Amino acid sequence: MNLFDDLKARGLVHDFTDAPELSAALEKGGMTLYCGFDPTSDSLHIGSLMPITGLMRFQRAGHRPLALVGGATGMIGDPSGKSEERNLLDAGTLAANNAGIRAQLEGFLDFGPGLAEAKMVNNADWFGGMNLVEFLRGAGKHFPVGYMMAKESVKARVADAGISYTEFSYMVLQAYDFLHLFETEGCTLQIGGSDQWGNITGGIELIRRSLGKSVYGITFPLITTSDGRKFGKTEEGNIWLDPKRTSPYRFYQYWIQTADTDVGRFLRYFTFLTLDEIESIENEHKEAPEKRGGQARLALELTSLVHGAEVAESNIRAARILFGGPLDGVEERDLLAAAAEMPRTARSGAPPLPLVDVLVESGLSKSRSMARKDLTGGGIYVNNNRIGEEGAEISADDLLFGRYVLLRKGKKNYHLLEMNT
């Protein structure tokens, strides 16, 4: 199966231009393509996984990916999919954000020497030295106002909150990006989310009108979950690719909680498993959905992709800890991965320590009398082992890796005690 057919089979193609010509160009190989990344933060989130893995698929098929960060357009703001105008970012913030995005993309794309060498480009490099008259004469004259007003991203904003001239001009700026990359890098394909279709076709039109050349565009579908929620959003906010913003354990658990009806779709969208492998996973999952085998494979593949295979395996073991499993074979990193999702108390002193006192200090029990009731009631666990004696103590033998004790009350109330002896 060629690349374009594989993209379609995975449900990754929403809109595209000139199917026969595009398919032939992809089959020939060696195309240069680009995708833009919004520099509103110094970290990408899982909503960016579609374009990231899209660039990866093209690179693995022998095409040359350009990742564009908008050092200039980021100061304007794309109105596509937005109900109101965004706050404009200053140059210093954009520079920091661009650096963070590049560092993340280097974990996915091969920037090393070679025919399909990835490259990061920043449109501040060409817009920074351009004056307004030069831009209007070179690009603006090719954009009739009626053509721009007909774009869905503009129509929606005009009908709702209105649109400033600043954001209205964004389409022309992005179109010029495509023109510049065509002339300087030989770029003939732009990819992006389906909300970018108007901007992409604007660039295609600019190149046709100003140079008489044909280029191409492909958009991916915008993703929602099967229950209608916005993909990548939780009550706590975005699921970030930066482990400092979203712990790898939380990242792993996000995929574990995927609805059964979304598992196959997300495996096709985001992983590099073959379609036959995915079909096999789906069939096994349908036979025993209660085992959540499809979710487990999805979480393993994507945590490995973003954070590495070792971190993914560690988070599998961390999940077992939080489901009351034995701690045999658990490494310190596994325990700390699990501990990122639980309250934590540091305590000076050395064992032995009365467990009643520890339960009160940790907040698992409200008082010493309640701690004793919790113990005799069978609801207290130390290192996932049930403890039922009122006079039980934390001993030196209970210290994990010489300093930690995992406490639990009931099934879900965990607390990590860290001893500073």
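Two strands pair if DSSP finds at least two bridges between them. Helices (H or I, at least four residues) and strands (E, at least two) are themselves DSSP runs, numbered from the N terminus. This is a predicted model, in which local features need pLDDT of at least 70, side-chain atom pairs count only at pLDDT 80 or more, and totals for chains, interfaces and linings use all residues. Residues are numbered from 1 along each chain as its sequence is written, and side-chain values use heavy atoms, with hydrogens and water left out.

Start at strand β15, residues 413-420. Six of its eight residues are buried. Buried means under 20% relative accessible area, exposed means over 50%, and partly exposed lies in between (1.4 Å probe, protein chains only). β15 pairs with strand β9 (residues 344-348) in the parallel sense, over five bridges. Here R347 has M419 of β15 as its bridge partner. β15 also pairs with strand β14 (residues 404-409), this time in the antiparallel sense and over six bridges. V405 stands opposite L417 in β15. Three residues separate β14 and β15, and the two strands form a hairpin. In the turn, G410 has a positive phi of about 70 degrees.

The term means a side-chain nitrogen of Lys or Arg within 4 Å of a carboxyl oxygen of Asp or Glu. The side chains of R344 and E418 meet this way, at 3.3 Å from N to O. R344 is in strand β9 and E418 in strand β15, so the pair links distant parts of the chain, 74 residues apart. R344 is partly exposed at 42% relative accessibility. E418 is buried, with a relative accessible area of 13%.

Other charged pairs follow. By this rule the count comes to 18 salt bridges. One of them joins R317 and D334, at 2.6 Å from N to O. R317 lies in helix α16 (residues 309-322) and D334 in helix α17 (residues 332-339), so this pair ties together parts that are 17 residues apart in sequence. R317 counts as partly exposed, at 23% relative accessibility. D334 is buried, with a relative accessible area of 0%. R209 and E205 make another salt bridge, at 3.1 Å from N to O. They sit four residues apart in helix α11 (residues 197-211), so about one helical turn separates them. R209 is partly exposed at 33% relative accessibility. R64, K119 and E185 are linked in a network of salt bridges.

Now turn to an open sheet. Six strands form it, in the order β1-β6-β5-β2-β3-β4, with mixed pairing. β1 (15-16) and β4 (119-122) stand at the edges, each with a single partner strand, so one side of each is left without a neighbour in the sheet. Strand β5 (residues 187-193) and strand β6 (residues 216-220) run parallel and are joined by five bridges. G192 stands opposite T219 in β6.

Next comes the interior. A nonpolar core is a set of buried Ala, Val, Leu, Ile, Met, Phe, Trp, Tyr and Cys residues joined through side-chain atoms within 4.5 Å. The largest has 74 residues, and L189, W255 and F270 touch the most other members. A second, separate core of 31 residues includes F127, V154, L179 and I200. Contact means heavy atoms within 4.5 Å. Not counting residues up to four places away in sequence, L189 touches L22, L26, M31, T32, L33, Y34, F58, F178, Y216, G217 and I218.

Helix α12 (residues 248-256) is mostly covered, with seven of its nine residues buried. They are Y249, F251, Y252, Q253, Y254, W255 and I256. H307 is found in helix α15 (residues 293-307). At 16% relative accessibility, H307 counts as buried. Its contacts include P248 and F251, along with L241 and P243, not counting residues up to four places away in sequence.

Last, the surface. L132, L136 and Y165 make a nonpolar surface patch of about 350 Å². Patches are made of residues with over 30% relative accessible area and no salt bridge: like charges are joined within 9 Å, nonpolar side chains (Val, Leu, Ile, Met, Phe, Trp, Tyr) within 5 Å. Accessible areas come from the Shrake-Rupley method with a 1.4 Å probe; for residues, only the protein chains shown count as cover. L132 is found in helix α6 (residues 132-138). With a relative accessible area of 57%, L132 is exposed.
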